[in-house]
Amino acid sequence: MLIERQFVADVATHGKQRQMTGGIMERQIYLDHAATTQPAPEVIQQMLPWLAGRYGNPSARYQLGQEAGRCIAGARKQVAALIGADEEEVYFTSGGTESDNWVLRGCLSGRKDGKRHMITTGIEHHAVLNTCAQLEREGVEVSYVMPDGEGRVDVRDIEREIREDTVLISVMYANNEIGTMQPIREIGLLAAEYGIPFHTDAVQAVGHVPIDVKASGITWLSASAHKFHGPKGCGFLYMRKGHELPSLLHGGAQEKGFRAGTENVAGIAGMGAAARVCMAHMSGDQESIRRQRDYLIQKVESSIPGARLNGHRRMRLPNNVNFSFSGLEGAALLLLLDQDGICVSSGAACSASSGKGSHVLEAIGVPEEYQRGAVRMTLGPETTREELDYVVERLKEHIFQLREMTDA
Ligand SMILES: *Cc1c(COP(=O)(O)O)cnc(C)c1O
């Protein structure tokens, strides 16, 4: 009961409060939707029964198991609809990382033709880049295509890398740091022309922009529920009919024998609900988020000197704002904003802990004095203009302070 009451309170405030020591509630402004999103109320509601009384194993033959099986089937339909796939082409995984690993390893395993060359980009998520690095250690050859100054990859550059032994072209749908969207349809056409399978890590795009796997010539697509208001630890891989990859995980016969392991029923139920919510609100929500995004960009540019927008101005995710501020550390700015209850990211969440600079900002040639001062603010459907005004006000003050300190 306690949990449910907390849940209702969270929903009522959109989670916009944080508990301070001493029990005082302070407001929270969450601008890190590229790192993860808050599960929608419908998602939690959909999940709860499968975590509680309806705990059957979907592979079991009795009623309790069969109802879990039907739940999974329903979610598969909802997820398929979100990307224009057939339900039989959707395979549930533990998230984006597993889906990416499955494709990169799967397209090589069991090959008899000896082909071992892949093409990807230098700005992929580490789920792709680090898997490629490991594959290279195992003897696979990987070509990394570099983007232009706004983070766009040119199809002609991809075409130049195609070889006799190329087995895969893998290009992310939209970048997780700077939000730049890639020319996915053009790449799909190119891949089809050469008869090479095309994978896209669409973790940042699914549920945020309309996707049509068929029209885009996508062979495999990775997605993750927690990036579109679903639960963490749950995702899927789209595999076009006739292009099923060998299993990454061996064991039971779940997912038609392609992905062993008892299904995360509650997670899958939640992901299905998240897909439904995104479908229902996509066009309206994205239009208003896009307006908020452009408002924030314009406001930062007009009120903070030495601000540089990273990424493409138009071909970018509707919720992504990434600025570099000269002469300061993004990490310091992040900590100061956190004290105001504002959640942002400096560079990418994943590289923040490694201490290395962002491979994406380096790839797009962000000038030296701007590279360390990057702040990513990714908006959500609950973001208000008043919140953005407050964020810019705090940004201005902290940036002024930080620059004074470095100048002194
Ligand atoms: C978050 C993310 C991933 C990893 O997804 P998980 O479900 O967290 O494993 C992969 N690729 C991109 C582009 C991402 O943003």
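This is a predicted model: local features need pLDDT of at least 70, side-chain atom pairs count only at pLDDT 80 or more; totals for chains, interfaces and linings use all residues.
## Around the ligand

The ligand is surrounded by 13 residues. The closest are Thr97, Asp201, Gln204, Ser224 and Lys227. Sorted by class, the shell holds eight polar, three charged and two nonpolar residues.

Look at the oxygen atoms of the ligand. One lies 2.6 Å from an N or O atom in the side chain of Thr97. A polar side-chain atom of Ser224 is 2.6 Å from a ligand oxygen. For Gln204, a polar side-chain atom sits 2.7 Å from an oxygen atom of the ligand. How much of the ligand does the protein cover? On its own, the ligand has 380 Å² of accessible area, and the protein covers 87% of that.

## Helix H4

Which element gives the most to the shell around the ligand? The answer is helix H4, residues 96–106, with three residues.

Helix H4 has 11 residues, and eight of them are buried, so the helix is largely enclosed by the rest of the structure. The buried ones are Gly96, Glu98, Ser99, Asp100, Trp102, Val103, Leu104 and Gly106.

Most residues other than glycine have a negative phi. His229 has a positive phi of about 70°, although it is not a glycine. Lys256 is not a glycine either, and its phi is positive at about 55°.

Where are these residues found? His229 is in the loop between strand S9 (220–224) and strand S10 (235–239). Lys256 is in the loop between S10 and helix H8 (265–303).

Is each one buried or exposed? His229 has a relative accessibility of 15%, and because the cut-off for buried is under 20%, His229 counts as buried. Lys256 has a relative accessible area of 54%; exposed means over 50%, so Lys256 is exposed.

## What Lys256 touches

Leave out residues up to four places away in sequence, and Lys256 touches Glu88 and Tyr91. Lys256 and Glu88 are 168 residues apart in sequence. In space, the two are 9.5 Å apart, C-alpha to C-alpha.

What joins the side chains of Lys256 and Tyr91? A polar contact of 3.2 Å does.

His125 lies in the loop between strand S5 (117–121) and helix H5 (126–137). Its relative accessible area is 19%, which is under the 20% cut-off, so His125 is buried.

The side chain of His125 has a polar atom 2.9 Å from the backbone nitrogen of Ala127.

Definitions and conventions. Residues are numbered from 1 along each chain as its sequence is written. Side-chain values use heavy atoms; hydrogens and water are left out. A residue is near a molecule or strand if one of its heavy atoms lies within 4 Å of it. A polar contact is a pair of N or O atoms within 3.5 Å; within protein, one must be able to donate a hydrogen and the other to accept it, and residues adjacent in sequence count only if both atoms are side-chain atoms. Accessible areas come from the Shrake-Rupley method with a 1.4 Å probe; for residues, only the protein chains shown count as cover. Helices (H or I, at least four residues) and strands (E, at least two) are DSSP runs, numbered from the N terminus. Ala, Val, Leu, Ile, Met, Phe, Trp, Tyr, Cys and Pro count as nonpolar, Asp, Glu, Lys and Arg as charged, and the others, Gly among them, as polar. Buried means under 20% relative accessible area, exposed over 50%, partly exposed in between (1.4 Å probe, protein chains only). Contact means heavy atoms within 4.5 Å.
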